[in-house]
Structure formats: C-alpha cells, structure tokens
Amino acid sequence: MIKAIKVFNSISVLLFSVILLLVYAYLPIMVDLNIEGVKDLHKQTFFFYAFGSFVVINIVIRIGASLGSRNLPEDLAAWIRAILFIVNFYLASMVGFIGVINNTGHINPSSFGYLNYLGPVFLIIWISGLLFFLFKKK
C-alpha cells in the first residue's frame, strides 16, 4: 500500500509541474490574483512563488507524515502519507484556476469554478477515511 501511495505522490508532483509550466506559458506578463491588497505580479514572480511554496509545503508535509506515521499499522501509515497527494492535487487545481482566470481571452473562467472545490472535497474524504481507520474494530 505504501508503494502505491508513493507512486500517487510522484504522479501528483508531476501533475503540479506540468500544470504550473502550462499556466506559466499561457499567462500574460502581469498576473492578477484577485486578492485584496495584492497588486499584479509579474509572471516570473508568480512562477517562483508557486514553485517555492510547493516545495516548502511538500517538505513540511512529507516530514510531518513520516514522523506521524511511525509505529502505526501499514494501512494507517499509508493513509496518513496520502495527504501529500491530496495537497498536491489541490495546489495543482488552484494554479490551474489562476491560469484560467488570467487567460479569459481563450477560456471561459465560469466553467472552471469547480476547481476551487476539488481540494476541500478530497480533504473531507481523506479525513473521513482516516477516522474510519482510527475507529474501525479490529
């Protein structure tokens, strides 16, 4: 099970990398993040912030998951390590949505609103599974 989770985590890193590179290629020079107090960012600044945040988040979660899953049954340890896949998928969908918002000339952003909800839905499913693993009768 842990090998499968490692494969999914590798796929999620690859997915994020591909989406970030595609978004970077199609972004205008100035990226509008639609956040109050944040002015437009240059697309290179956005790329490096997104990539740097991705690396830091992955390192923190990987260390936390490996420390938190010690001395646990294999199924539960694999489930805890799967949080990295969920977070990477959510980050990839958010970067993709930012790319859609900033490329309104070619893509209609209203049809991609579901990208905002994928990460929280998967996180709720993950937490439900974790609670199932913790409270199931042996």
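Predicted model: local features only at pLDDT ≥ 70, side-chain atom pairs only at ≥ 80, totals over all residues.
Contact here means heavy atoms within 4.5 Å.

**Helix 1**

Helix 1 covers residues 2-26, 25 residues in total. Its buried residues are Ile 5, Asn 9, Ser 12, Phe 16, Leu 20 and Val 23. That spacing makes sense, because an α-helix has 3.6 residues a turn and residues three or four places apart point the same way. What do the buried residues of helix 1 pack against? They sit against helix 2, helix 3 and helix 4.

Helix 4 has its own set of buried residues, among them Ile 83, Leu 84, Asn 88, Ala 92, Val 95, Gly 99 and Val 100. The cover over those buried residues includes helix 1, helix 2, helix 3 and helix 5.

| Helix | Residues | End-to-end C-alpha distance | Expected span |
|---|---|---|---|
| Helix 1 | 25 residues | 36 Å | 36 Å |

Now for the pairing of helix 4 (residues 83-101) with helix 5 (residues 115-135): their axes come within 8 Å and cross at roughly 170 degrees. Angles over 145 degrees count as roughly antiparallel, so helix 4 and helix 5 are roughly antiparallel to each other. On the helix 4 side, the residues that meet helix 5 include Ile 83, Phe 89, Tyr 90, Met 94 and Phe 97. Across from them, helix 5 brings in Leu 115, Pro 120, Phe 122, Leu 123 and Trp 126, among others. By class, this contact has twelve nonpolar residues, four polar ones and no charged ones.

**The loop between helix 2 and helix 3**

Two residues in this loop are worth a look. Ser 69 lies between helix 2 (43-68) and helix 3 (74-81). Is Ser 69 buried or exposed? It's buried, because its relative accessible area is 6%, under the 20% cut-off. A polar atom of the Ser 69 side chain lies 2.8 Å from the backbone oxygen of Ala 65. The backbone oxygen of Ser 66 is 3.5 Å from a polar atom of that side chain. Leaving aside residues up to four places away in sequence, Ser 69 touches Ala 77, Ile 80 and Arg 81.

Asn 71 lies in the loop between helix 2 and helix 3 too. With 82% relative accessibility, Asn 71 counts as exposed. Asn 71 also has a positive phi of about 60 degrees, although it isn't a glycine. Most residues other than glycine have a negative phi.

Definitions and conventions
Residues numbered from 1 in each chain as written. Heavy atoms only, no water. Axes fitted to C-alpha atoms, helices over the stretch in contact; angles between N-to-C directions. Helix = DSSP H or I, 4+ residues; strand = E, 2+ residues; numbered from the N terminus. Parallel < 35°, antiparallel > 145°, perpendicular 65-115°, else oblique. Nonpolar A, V, L, I, M, F, W, Y, C, P; charged D, E, K, R; others polar. Buried < 20%, exposed > 50% of the residue type's maximum accessible area, 1.4 Å probe, protein only. Polar contact = N/O pair within 3.5 Å; in protein donor to acceptor, adjacent residues only side chain to side chain. Expected span 1.5 Å × (residues − 1).
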